[in-house]
Amino acid sequence: MTMYPDQQKKLKLIREAVEEQLAARSLGTRSPEGLFAPIDYTLRLGGKRIRPLLACAAAAAFTEAWQRALPVAVALEIFHNFTLLHDDLMDRSPLRRGQETVYRRWGDNTAILSGDAMSIEAYASLAEVADKSLLSELLPRFSQMALEVCVGQQYDMEFETRSEVRVEEYMEMIRLKTSVLLGSSLELGALVGGATAEQARALYDVGIQLGLAFQIQDDLLDVYGDEKTFGKPIGGDIVNAKKTLLLLYTLEQLQGEELKRLQEILTYTPEERRAYIDEVRALYDKAGTRLYAEAEIERLTSEAYHGVEQLPFREEGRELLLALFHTLSGRTK
């Protein structure tokens, strides 16, 4: 799909509005500084603001007044960044978007407490939606999403200590950890825009497919991406023996000495595995893992596109959503 200038302009306008709303919360000037400065720092690290863009674009699919979705959009972005802050702590990741992570800069305790405050701030933003009658629909959905993200993170941690994980289990984990947030972004934005519960839920399902593709792409970039554009060291999942789709698929495909070699590398310590990133990548190539992952990304993205095309949107809104999906599916970081 081609993204026309008017779509680019609209997405830029939405993103600017989201940035203005984030800045208006004045997190960088609140006291105590030790609590709020890490939150402000986290939000200033940037990113593509995909979740708030999805929420506002979903609202625009049903109404010209997409600005109604801004409180929801900001809530989603703050919540998303809260999960990243805590993920970095749990994973002991040194960098986020090319910059030092919060726990490395301020310490573990601050990362925990500032993250907690971010989750509360997300709910505060959600409650600022203009039509208060919507809160009875928005709050339960937001809370369910938040809980499922935590469930997905717990599964992710448990997988680290299990000797075997099936591909199906991994896909369910990333549905919870990643996809439900994208699905909820579309669902909540659509509800604020005037969609019926059924239409909003159909968009949620679209977001699930998109989120699965998003996470597989992220896993792929961790192994095959460019460190300068990816924003964090390449090969981190290999070093940590993280059970991604790439690793699980490769373990299923390899046989004989190659399988034994990969299993042997997985028994090494993380520091030892740093010297074997290239060798593991070569084993992935031998198993056809990169091609498999790329094909899955294409399949899931196509399903998301098809889902949007089947719904009764305002045409301008449909084009905006498809343009945003195109940006997401072609991302480099």
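This is a predicted model: local features need pLDDT of at least 70, side-chain atom pairs count only at pLDDT 80 or more; totals for chains, interfaces and linings use all residues.
## Overall architecture

The protein chain is built from 17 helices and two strands. Its C-alpha atoms occupy a box of roughly 60 × 50 × 35 Å along the principal axes.

Of the 333 residues in the protein chain, 55% are buried. Among contacts with a separation of 6 or more, 72% join residues 24 or more positions apart. The accessible surface of the protein chain amounts to about 15,100 Å². Carbon and sulfur atoms contribute 51% of that surface.

## The largest cavity

Rolling a probe the size of a water molecule over the atoms shows where empty space is left. In this structure there are three cavities of 30 Å³ or more, and the largest cavity has a volume of about 60 Å³.

The lining of the largest cavity consists of Thr42, Leu45, Leu84, Leu85, Asp88, Arg96, Thr101, Val102 and Tyr103. By class, these residues are five nonpolar, two polar and two charged. Two elements, helix 4 (70-91) and helix 5 (102-106), each supply at least two residues of this lining. Helix 4 gives the most, with three residues.

## The second largest pocket

The second largest pocket holds about 310 Å³ of space. Its lining is made up of 14 residues. Those nearest the centre of the pocket are Ser163, Glu164, Val165, Leu248 and Leu251. Helix 12 (245-253) and helix 13 (256-266) are the elements that give two or more residues to this lining.

Which helix gives the most to the lining of the second largest pocket? Helix 12 does, with four residues. In terms of residue class, the lining of this pocket has six nonpolar, two polar and six charged residues.

## A cis peptide bond

The peptide bond from Ser31 to Pro32 is cis, and its omega lies near 0°. Pro32 is part of the loop between helix 1 (5-24) and helix 2 (33-44).

## Arginines with positive phi

Arg49 is not a glycine, yet it has a positive phi of about 55°. It sits in the loop between helix 2 and helix 3 (50-60). Is Arg49 buried or exposed? The relative accessibility of Arg49 is 4%. Buried means under 20%, so Arg49 counts as buried.

Arg92 also has a positive phi of about 55° without being a glycine. This residue belongs to the loop between helix 4 and strand 1 (95-96). The relative accessibility of Arg92 is 44%, so Arg92 counts as partly exposed, a class that lies between the buried limit of 20% and the exposed limit of 50%.

Conventions
Residues are numbered from 1 along each chain as its sequence is written. Side-chain values use heavy atoms; hydrogens and water are left out. On a 1 Å grid over the protein atoms alone, a cavity is a set of points where a 1.4 Å probe fits but cannot get out, and a pocket is an open set with protein on both sides within 12 Å along at least five of seven lines; lining residues have an atom within 4 Å of a point. Grid points are joined across faces, edges and corners, and a volume is the space filled by probe spheres set on the points. Ala, Val, Leu, Ile, Met, Phe, Trp, Tyr, Cys and Pro count as nonpolar, Asp, Glu, Lys and Arg as charged, and the others, Gly among them, as polar. Buried means under 20% relative accessible area, exposed over 50%, partly exposed in between (1.4 Å probe, protein chains only). Contact means heavy atoms within 4.5 Å. Accessible areas come from the Shrake-Rupley method with a 1.4 Å probe; for residues, only the protein chains shown count as cover.
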